[in-house]
Amino acid sequence: MTTANTARFNAEALSWDSNPSVQLATRLAHAAYLSRLPSPSALSTYDVLDLGCGTGLLSLALAPSVRSVTAVDAAEGMIAALAAKLSSSELSTTVRNVRPVHALLQDPSDPRLAIDPVTGSSDPKPRRFHLVVSHLVLHHIPDLPALFRTMYGCLAPGGRVMVTDFENFGPEARRFHPEAKMDGVERHGIKRDEIKRVLEEAGFVDVKVETAFEMEKAVETEPGSGVMGPVMVFPFLICEGTRGG
Ligand SMILES: C[S@@+](CC[C@H](N)C(=O)[O-])C[C@H]1O[C@@H](n2cnc3c(N)ncnc32)[C@H](O)[C@@H]1O
């Protein structure tokens with residue numbers, strides 16, 4: 001993550017949830033995760049790390065199904081938006097297992113992950129998670145191998161990573177973002193073979209990369225026109241791996 005990226009996400013935090021594509025992509029990703037995760041009783045014991053949680057759309061969707069969600073984001077504005085939702089009259093009495101953390105996560109033993117969202121206590125040992133999720137983050141990351149090594153280190157033995165982002169299916173994938181919003185976009189989606197190799201090189205086993213869903217999204221009439229018009233279909237990949245026991 002670059003400083004430009006963080007500045008961009010701070011600026012976008014307040015309007016993030018009003019983007020219908022963001023909401024739709026989260027709903028589809030949430031369904032894709034749930035369909036690949038274990039039964040509700042097993043899932044209810046999971047401690048989850050949402051890396052690059054933004055305003056917490058996915059964290060809040062997963063929260064009722066799991067034991068806890070540690071929701072991490074490098075942009076203070078995003079974390080402030082999630083914290084505001086959690087202290088709102090709507091959520092403050094119903095959601096008690098999500099903890100927002102402002103951090104550019106690079107170290108699995110980062111002490112800011114130490115507090116258990118449910119008990120509020122921290123263990124001297126670094127916390128390890130059953131599941132790391134991350135949605136719409138990879139295309140902003142300059143160094144993917146480093147990110148997946150961090151995710152690997154955050155997992156308990158046998159823990160799983162599940163990551164979703166749009167696929168780089170060719171030059172047209174660039175149209176996912178309007179030209180004026182290319183700041184901090186490191187790649188125009190993720191490539192199946194490349195991401196599979198990155199997970200394997202980070203140490204993950206049982207690596208699988210497949211199409212999770214397809215999403216319609218309005219794009220610019222002409223790149224750079226600033227006028228949204230035609231609708232394109234963007235495939236999203238889900239990338240899964242397990243930290244060996
Ligand atoms: C496109 S936003 C997606 C937010 C959210 N997952 C969603 O789908 O609504 C990407 C987010 O990843 C965060 N991010 C990227 N790398 C990060 C890192 N290493 N640690 C924490 N946050 C990170 C950015 O600050 C940004 O808010």
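Helices (H or I, at least four residues) and strands (E, at least two) are taken as DSSP runs and numbered from the N terminus. The model is predicted, so local features need pLDDT of at least 70 and side-chain atom pairs count only at pLDDT 80 or more, while totals for chains, interfaces and linings use all residues. Residues are numbered from 1 along each chain as its sequence is written, and side-chain values use heavy atoms, with hydrogens and water left out.

The chain contains 7 helices and 7 strands. In sequence order they give the pattern α-α-α-β-α-β-α-β-β-α-β-α-β-β. The radius of gyration is 17 Å, close to the 18 Å from the globule rule for 245 residues, so the chain is as compact as a globular protein of that length. Here the radius is taken over C-alpha atoms, and the rule is 2.2 Å times the number of residues to the power 0.38. Along the principal axes, the C-alpha atoms fill a box of roughly 55 × 40 × 35 Å.

A residue is called buried under 20% relative accessible area, exposed over 50%, and partly exposed in between (1.4 Å probe, protein chains only). On that scale, 51% of the 245 residues are buried. Contact means heavy atoms within 4.5 Å. Of the contacts in the chain with a separation of 6 or more, 68% are between residues 24 or more positions apart.

The mean positions of the 24 positive and 29 negative charges lie 4 Å apart. Lys and Arg count as positive and Asp and Glu as negative, without His or the chain ends; each charge is placed at NZ of Lys, CZ of Arg, CG of Asp or CD of Glu.

In helix H5 (residues 76-86), the buried residues are Met-78, Ile-79, Ala-81, Leu-82, Lys-85 and Leu-86. Viewed down the axis of H5, these residues fall within an arc of 155°, so they line one face of the helix. The arc is that of the directions from the helix axis to the C-beta atoms. An α-helix has 3.6 residues a turn, so residues three or four places apart point the same way.

Helix H6 has 8 of its 11 residues buried, so it is largely enclosed by the rest of the structure. Among the buried residues of H6 are Leu-144, Phe-148, Met-151 and Cys-154. Their cover includes strand S1 (47-51), S4, S5 and H7.

Tyr-33 is in helix H2 (residues 20-36) and is buried, with a relative accessible area of 0%. Apart from neighbours within four places in sequence, Tyr-33 is in contact with Leu-58, Val-133, Ser-134, His-135, Met-162, Val-163, Thr-164 and Ile-238. Asp-110 is 77 residues from Tyr-33 in sequence and 26 Å from it in space, C-alpha to C-alpha.

Asp-110 lies in the loop between strand S3 (98-102) and S4. Its relative accessibility is 9%, so Asp-110 counts as buried. Not counting residues up to four places away in sequence, Asp-110 touches Ala-103 and Leu-105. Leaving aside neighbours within four places in sequence, the contacts of Glu-167 include His-188, Arg-192 and Phe-236.

The backbone has points of interest too. Most residues other than glycine have a negative phi. Leu-136 has a positive phi, near 60°, and sits in the loop between strand S4 (129-135) and helix H6 (144-154). Leu-136 is buried, at 16% relative accessibility. Asp-206, in strand S6 (residues 205-220), also has a positive phi, near 50°. With 63% relative accessibility, Asp-206 counts as exposed.

Pro-64 is in the loop between helix H4 (57-62) and strand S2 (68-73) and is exposed, at 70% relative accessible area. The C-alpha atoms of Pro-64 and Pro-223, 159 residues apart along the chain, are separated by 41 Å.
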